[in-house]
Amino acid sequence: MTNHTADAGPRTVAGASATVFRDVRPFGGPAVDLIAVDGVLADAVPDGAVVEYVDGGGRLALPTLVDTHIHPDKTAWGEPWHSRRPARGIAEYVAGDVELHRALPTPVAERARRLMAHAAAQGTRAMRAHADVAPAYGLKGVLGVAEAREKLRGVLDVQLVAFPQHGVERAPGAAELLEEAAAGGLIDAVGGIDPAGFDSGDGTSGENRQLDLVFGIAERHGLAVDIHLHDVGERGLGPLRDIAARTEALGLRGKVTISHAFAVAALSGRELDATADLLASADIALTTVAPSAKTVLPFRRLAERGVRVGLGSDGVRDNWSPYGNADMLHRVWLLGWTRGVRLDEELEACFRLAADGGAELLGLPKADLRPGAPADFMLVEGECLPQVVIDLPRRDVVVRAGRVVARDGRLV
Ligand SMILES: [Zn+2]
């Protein structure tokens with residue numbers, strides 16, 4: 001992860017430099033000056049500091065957001081329009097991924113950089129990026145996203161997951177590639193996919209070789225785990241319990257995430273609480289991309305039971321879907337829409353999931369605009385936070401570690 005103090009702007013030999021963002025309204029409250037010193041918000045400008053001023057013009061200041069689940073390697077963002085064919089089931093979607101990958105004229109590194117730069121300019125401070133690892137591509141996805149991460153260092157923090165989208169059991173060679181990605185030191189987490197459904201092998205052994213492999217790699221290389229779990233009912237809940245047991249047994253509490261977790265979204269009442277308690281006791285986090293009213297996670301109930309939850313974009317304009325734009329404020333809008341929320345405090349809770357929930361999930365300090373917090377925020381025109389979530393104003397200024405990194409939706 002990027003060192004917050006490494007890129008705080010111009011310095012002098014004499015001492016600190018500070019940037020004062022004048023006339024801004026944190027969370028829509030009264031106008032104040034936000035003072036950034038060495039990448040962190042401060043109470044006051046240090047004596048003798050070289051000061052730079054940025055006029056906020058009475059804009060709202062809001063924390064920049066965290067995208068906990070995105071696939072930059074798959075995107076056709078910025079490419080000529082891609083017309084999708086009908087597809088059913090993961091295997092058909094995956095075949096379409098390979099076709100699109102081969103058809104796109106732009107290398108992964110450039111496509112990923114373009115999308116990630118766009119995300120940062122819309123106010124994303126950090127993301128967890130899944131990159132496909134499969135014999136069809138080798139490690140091109142991981143290498144490409146790692147290259148994009150390097151180009152955006154100081155603007156965007158990126159955690160990289162090696163994701164066996166084609167399965168491990170189903171795709172001979174994927175296991176070796178995951179090992180290679182882990183040994184290469186480029187990834188932060190090893191991924192997985194539907195161990196009891198899509199990638200269940202022949203189903204006769206009663207064991208799960210995908211989970212054996214994924215947890216084995218995580219343990220040997222000191223990596224986190226982030227598993228896509230789309231299956232519902234016992235096919236989803238069985239692996240969820242298995243993942244919780246392995247997490248406890250291997251001492252990986254706090255390092256394991258289950259993405260989507262539609263099986264959890266389908267629960268209610270006591271069943272939901274019991275599953276939440278199991279996840280909380282193993283400190284397993286969940287991510288949702290708010291795909292629909294039926295599959296979005298009940299994040300507030302989960303939080304009440306101690307489960308960490310993050311919000312993400314998922315695929316952006318890829319073979320799976322023409323939708324998505326890597327704009328986390330828009331994703332907050334979608335979360336509110338799919339949850340059917342109406343009250344101000346509910347809209348604010350949706351925003352906080354993307355700001356604080358994501359930061360906690362990725363192990364980043366909370367950007368809450370208080371002294372001591374990272375000077376990571378955006379300035380937008382507006383009246384108050386609930387109204388901003390609904391109206392999605394242009395991100396006029398995006399500040400990272402006290403430095404203006406984007407204006408009017410573009411990196412500077
Ligand atoms: Zn995904």
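Predicted model: local features only at pLDDT ≥ 70, side-chain atom pairs only at ≥ 80, totals over all residues.
Helix α10 (328-339) makes the biggest contribution to the lining of the largest pocket, with four residues. Residues are numbered from 1 along each chain as its sequence is written, and side-chain values use heavy atoms, with hydrogens and water left out.

Stay with that pocket for a moment. A pocket is an open set of points on a 1 Å grid over the protein atoms alone, with protein on both sides within 12 Å along at least five of seven lines; a cavity is a set where a 1.4 Å probe fits but cannot get out, and lining residues have an atom within 4 Å of a point. The largest pocket has a volume of about 720 Å³, where volume is the space filled by probe spheres set on the points, and points are joined across faces, edges and corners. Its lining runs to 26 residues, and Val289, Pro291, Asp314, Trp320 and Ser321 sit nearest the centre. Helix α1 (89-103) also supplies at least two lining residues. Sorted by class, the lining has eleven nonpolar, eleven polar and four charged residues. For that sorting, Ala, Val, Leu, Ile, Met, Phe, Trp, Tyr, Cys and Pro are nonpolar, Asp, Glu, Lys and Arg are charged, and the others, Gly among them, are polar.

Now for the second largest pocket, at about 310 Å³. It is lined by 15 residues, with Ala303, Arg352, Leu353, Asp356 and Gly357 closest to its centre. Helix α11 (344-362) gives the most here, seven residues, and α9 (299-304) supplies at least two. This lining has eight nonpolar, one polar and six charged residues.

Among the lining residues are Asp97, His101, Arg111 and Asn319. By class they come out as four nonpolar, three polar and five charged.

What about salt bridges? The whole structure has 29 of them, each a side-chain nitrogen of Lys or Arg within 4 Å of a carboxyl oxygen of Asp or Glu. Take Glu79 and Arg114, whose side chains meet at 2.2 Å, N to O. Glu79 is in the loop between β5 (65-70) and α1, and Arg114 is in helix α2 (residues 108-121), so this pair ties together parts 35 residues apart in sequence. Glu79 is buried at 9% relative accessible area, while Arg114 is partly exposed at 22% (buried is under 20%, exposed over 50%, partly exposed in between, using a 1.4 Å probe and protein chains only).

Arg125 and Asp376 form another salt bridge, with the closest N and O atoms 3.2 Å apart. This one links distant parts of the chain, 251 residues apart: Arg125 is in strand β6 (residues 124-132) and Asp376 in the loop between α11 and β13 (377-380). Both Arg125 and Asp376 are buried. Finally, Arg59, Glu381, Arg394, Asp396 and Asp408 join up in a network of salt bridges.
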